[in-house]
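Here is a short report on one protein and its ligand. It begins with a single residue and then turns to the whole chain.

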Amino acid sequence: MPLLLSVIAFAAILIISQAIYNGIGPMPSSKKVSKALLNSLGDLDQNLHIVELGAGWGSLLIPIAQKYPSSTITAFENSLIPYLFCRLRLQFSPCKNVRLYRKSFYSVSLQDYDIFICYLYPGAMLRLSEKLKKEMKPSAILLSSTFHLPGYKSSHEYDLDDLYRTRIFQYKSCNFLPSHGKES
Ligand SMILES: C[S@@+](CC[C@H](N)C(=O)[O-])C[C@H]1O[C@@H](n2cnc3c(N)ncnc32)[C@H](O)[C@@H]1O
């Protein structure tokens, strides 16, 4: 029993310290939000390259991979415990089209993706927008749960009728606002 408690306490410390470092914890998207994001993607008729920025426990990753078996889903998660849990889930729900990496998505090139999906926080969205300005290909789209992508005009946004009135934002790479961040 003391060993089990020590393992749980150690795992909790790892999760909390990584959440402090990232600025956000591994809070999963609710079923309603996951469904809304999948509905927003609609029927993808080609083999696309989808990326999830911060996969957490895999709550969104696995439904996406199952809905789009002919697309490749790359997911980045840098927090060890959620990453390991997500890996474990993939053992029980094998998805051949998933590539899961324990890496920060800031440290990799984001040039090759067609669709970006994220549920982060305002500071991360700001940092991400700087990276996407340089790397996001012109035809790409980004779906964000809850948080706006600074420097871009959304092509579509709507609120869910859940407890938090979660807002879903959709962006096209071409809707970048060139004047963003420049002094007038
Ligand atoms: C709010 S959770 C969302 C998880 C999942 N996308 C979902 O909707 O269920 C955000 C996740 O992003 C991860 N994260 C934050 N910054 C990251 C980074 N730079 N690289 C990789 N993962 C990151 C966090 O560890 C956390 O698990």
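## Thr 74 and its setting

Thr 74 is part of strand 2, which covers residues 72-76; helices (H or I, at least four residues) and strands (E, at least two) are DSSP runs numbered from the N terminus. The model is predicted: local features need pLDDT of at least 70, side-chain atom pairs count only at pLDDT 80 or more, and totals for chains, interfaces and linings use all residues. Residues are numbered from 1 along each chain as its sequence is written.

Thr 74 is buried because 21 other C-beta atoms lie within 10 Å. Buried means 20 or more such atoms within 10 Å of the residue's own C-beta, exposed 12 or fewer, and partly exposed in between, with C-beta atoms placed from the backbone. Leaving aside residues up to four places away in sequence, Thr 74 touches His 49, Val 51 and Arg 99; contact requires C-beta atoms, placed from the backbone, within 7 Å. Ser 29 is 45 residues from Thr 74 in sequence and 18 Å away in space, C-alpha to C-alpha.

Ser 29 is also among the closest of the 23 residues that surround the ligand, together with Pro 26, Gly 54, Gly 56 and Ser 79. A residue counts as near if its C-beta atom, placed from the backbone, lies within 6 Å of the molecule.

The protein as a whole has five helices and seven strands, in the order α-α-β-α-β-α-β-β-α-β-β-β from the N terminus.

| Property of the protein | Value |
|---|---|
| Box filled by C-alpha atoms, along the principal axes | roughly 60 × 40 × 35 Å |
| Buried residues | 30% of the 184 residues |
| Contacts with a separation of 6 or more that join residues 24 or more positions apart | 66% |

Definitions and conventions: Contact = placed C-beta atoms within 7 Å.
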